Amino acid sequence: MVPTNYYVILSAILFGLGMFAFIFKRNIITIFMSIELMLNAVNLAFVAFSQALGKLDGQVFVLFVIVVAAAEAAVGLGIIILIARSRQTLNVERVNLLKL
Amino acid sequence: MNSFLSANAELMITLVKIALLLFIVLTVNAYLTWFERKVVAHIQSRWGPHRVGPHGLLQPLADGLKFLFKEDPTPAGVDKFVYYLAPLLALALALTSIALIPFGPDPIRLFGRDIYLGITPPDLNIGILALFAVTALGVYGVALAGWSSNSKYPLLGGLRSSAQMISYELALTMSAVGVLLMAGSFNLKKIIEAQAHHPEWGLFGWNVWPQILGFFCFFIAAVAETNRVPFDLPEAESELVAGFHTEYSSFKFAMFFIAEYTSMITVSCLCSILFFGGWLSPFPASWTYAHYLPSAILIPFGLWVIWDGIRYETLFGRIVLPGVGTAITALGALFVLLPEVNAFIQAPFWLLSKIFVFLFVYVWMRGTLPRFRYDQLMAFGWKLLLPLSIVNVILTSFAILAKMQWWGAK
Amino acid sequence: MTAQLAVFLVLAAMAVTGAVSLILQKHPIHSALSLIVVMISLAGLYLLLGAEFVAAVQIIVYGGAIMVLFVFVIMLLNAGIEEHTSISKMAGAPGLLLVVALAGFVAATIARSTENIQATSQTGELASTLGISNMLFKDFVYPFELTSFLILVAVLGATVLAQREKS
């Protein structure tokens with residue numbers, strides 16, 4: 001059997017990488033993707049603990065997280081399309097005006 | 001070597017099964033193109049392929065050789081990695097989905113082991129979910145091919161297809177929910193067994209009767225998922241040259257082609273498993289003489305092939321066709337003579353016949369229907385199919401609830 | 001080393017490679033592909049943990065819908081190679097620092113709390129799909145209904161956002 005610790009450590013590594021990507025990347029779509037990566041890392045921890053404790057709450061929670069991520073992706077990508085239309089760029093550093 | 005074989009027997013059996021399934025699927029694909037060209041030709045009052053081999057039967061071989069030996073130029077400015085990845089992805093996912101299909105309930109006893117038909121054992125717990133998962137990934141092959149080609153028509157084809165496949169996947173999944181509610185399981189084997197509750201009803205016990213709405217939505221959405229006429233906008237020849245695979249040639253094009261035909265087979269399998277009783281016979285269980293139907297079809301067909309063969313124009317045909325006919329007749333005779341074999345092939349026979357009927361419907365539609373306009377396609381998916389399939393889920397749930405409340409079933 | 005541990009290590013290596021590749025790739029499409037690799041290997045890990053329903057949902061929703069949407073938007077906007085200015089290069093250093101701090105914190109927490117959580121995963125079936133549906137439709141029915149409302153709002157929001165303004 002794989003110890004639960006391993007899953008938690010993997011989850012922490014993935015979350016850290018997601019956080020780093022969130023800070024480091026400049027393309028707004030990639031930044032959005034790193035949020036998804038962080039959500040995924042958290043999901044892994046949820047499922048691992050659900051297995052370790054023998055309860056299904058964690059898995060149900062993962063389903064909720066996935067639903068929220070889907071809703072977030074729909075709205076977020078809508079906003080990204082709007083930004084790209086009005087600013088002609090996807091670089092977050094060039095999106096620095098509140099009003100055009 | 002022998003000890004290695006016996007130690008890893010499961011692995012070896014699986015590998016052999018994979019190789020065998022791959023061979024069968026690729027051959028069937030090749031002859032599906034022949035079948036399609038022949039049927040469409042006859043719908044349009046033409047003869048279809050007729051030159052290469054008797055009745056054009058060697059045409060798939062010639063096509064395959066052509067694919068292999070054509071020049072394979074890579075267009076300028078493509079994203080190399082994604083450009084090579086896309087056809088591989090399309091083909092691999094299409095073949096993976098067919099590996100999840102069970103082709104029969106009973107194992108063969110060979111070398112002291114139970115060998116199931118199909119690569120995964122038939123009672124995979126999340127069978128249909130796994131299938132939907134693999135088909136859900138299928139859109140990447142098309143979308144990435146369109147994007148990486150660095151050309152405007154493929155890009156449009158890729159955009160169209162990803163929008164289309166996301167939209168129709170919702171309807172596809174929702175329309176299967178009714179069947180899942182009735183079976184109470186994701187397991188493909190249990191879904192089929194749930195349709196055999198009344199062995200005397202025969203084909204009237206199948207899901208297609210209570211789920212006719214679901215079947216309607218499922219089949220249309222499935223046709224759209226596989227990008228076939230009348231939903232073939234991603235590869236509309238007259239508007240987009242060839243859509244997402246315009247810039248692909250030679251074997252990479254063949255990979256898309258094989259992927260498309262393989263997913264046609266998968267969808268036909270799914271339709272017959274979910275709605276048409278899978279490997280169940282359409283006749284009531286008491287009609288035991290229906291067991292001889294495979295032979296009753298094979299023997300006359302074989303005799304007809306022999307009869308047709310001895311009058312064929314070319315010498316080659318006069319030699320090959322009677323040979324093939326004799327083999328088919330012998331197979332039919334074998335089933336009559338060996339009752340055990342006959343009992344075993346019943347399930348795969350019915351499943352394969354149903355798959356064949358669906359493949360024919362696919363080709364028939366291609367010969368009959370014109371293409372949708374793009375806005376019509378989206379409106380059809382979102383405004384008709386999706387609401388209909390949701391209505392189907394609600395109606396099915398209420399019916400099951402009513403059954404539990406008033407008749408106390410389950 | 002058991003077979004399960006080997007599978008775990010392979011999948012974990014795939015996931016971490018994918019995540020690192022998401023950072024290193026210059027083009028958004030390549031980043032998206034790396035993220036898909038992460039998601040698929042996570043689905044494999046869920047299978048290893050016996051959460052088969054979650055694994056299937058992970059691939060269907062994340063792999064088949066959300067990431068397709070990302071790829072679709074990247075194609076639609078014709079996003080090019082990412083440009084890095086001097087400010088963004090500066091952001092790398094504090095970012096690394098943060099990641100190291102987080103990793104240290106998590107490692108310390110795990111090291112201190114090993115006795116609290118069971119060290120090994122449990123074996124045996126949780127009967128997960130049936131159990132999940134029971135929880136979802138009985139214990140968590142109000143949150144479940146709320147998510148449907150959330151999705152409705154998201155659909156409306158996305159429609160309003162993506163609509164072209166009528167001049």
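Reply: **The contact of chains B and C**

Happy to. This contact draws 20 residues from chain B and 15 residues from chain C, two residues being in contact if their C-beta atoms, placed from the backbone, lie within 7 Å. The model is predicted, so local features need pLDDT of at least 70 and side-chain atom pairs pLDDT 80 or more, while totals for chains, interfaces and linings use all residues. Residues count from 1 along each chain as written, with chains lettered from A and ligands numbered from 1 in written order.

On the chain B side, the elements that give two or more residues are helix H5 (127-137), helix H6 (139-148) and helix H7 (152-183). (Helices, H or I of at least four residues, and strands, E of at least two, are DSSP runs numbered from the N terminus.) H7(B) gives the most to this side, with 7 residues. By residue class, the chain B side holds 16 nonpolar, 3 polar and 1 charged; Ala, Val, Leu, Ile, Met, Phe, Trp, Tyr, Cys and Pro count as nonpolar, Asp, Glu, Lys and Arg as charged, and the others, Gly among them, as polar.

The chain behind that surface has 15 helices and 2 strands. Chain B has a radius of gyration of 23 Å, close to the 22 Å that the globule rule gives for 410 residues, so it is as compact as a globular protein of that length. The radius is taken over C-alpha atoms, and the rule is 2.2 Å times the number of residues to the power 0.38. In chain B, 76% of the contacts with a separation of 6 or more link residues 24 or more positions apart.

How does this contact sit among the others? Of the 2 pairs of chains in contact, chains A and C share the most contacts. No contact joins chain A and chain B, and their closest C-alpha atoms lie 13 Å apart.

The contact of chains A and C takes 62 residues from chain A and 76 residues from chain C. On the chain A side, two or more residues come from each of helix H1 (4-24), helix H2 (28-53) and helix H3 (57-87). H3(A) supplies the largest share of that side, 22 residues. The chain A side divides into 44 nonpolar, 13 polar and 5 charged residues.

Chain A itself comes to 3 helices and 0 strands, in the order α-α-α along the sequence. Its radius of gyration is 17 Å, well over the 13 Å that the globule rule gives for 100 residues, so chain A is more spread out than a compact globule. The C-alpha atoms of chain A fill a box of roughly 55 × 25 × 15 Å along the principal axes. Within chain A, residues 24 or more positions apart account for 49% of the contacts with a separation of 6 or more.

One helix pair shows how chains A and C meet. The axes of H3(A) and helix H6 (residues 141-162) of chain C come within 9 Å and cross at roughly 10°. Here axes are lines fitted to C-alpha atoms, for helices over the stretch in contact, and angles run from 0 to 180 degrees between N-to-C directions. H3(A) and H6(C) are therefore roughly parallel to each other; that label covers angles under 35 degrees, with over 145 roughly antiparallel, 65 to 115 roughly perpendicular and the rest oblique. From H3(A), the residues that meet H6(C) include A:Phe64, A:Val67, A:Val68, A:Ala71, A:Ala74 and A:Val75. Among their partners in H6(C) are C:Pro143, C:Thr147, C:Leu150, C:Ile151, C:Ala154 and C:Val155. The residues of this helix contact divide into 17 nonpolar, 3 polar and no charged.

Chain C also has a helix pair of its own that is worth a look. Helix H2 (residues 28-48) and helix H3 (residues 52-77) of chain C have axes that come within 8 Å and cross at roughly 175°. H2(C) and H3(C) are therefore roughly antiparallel to each other. On the H2(C) side, the residues in the contact include C:Pro28, C:Ile29, C:Leu35, C:Met39, C:Tyr46 and C:Leu47. H3(C) contributes, among others, C:Glu52, C:Val54, C:Gln58, C:Tyr62, C:Phe70 and C:Ile74. The contact of H2(C) with H3(C) divides into 19 nonpolar, 2 polar and 1 charged residues.
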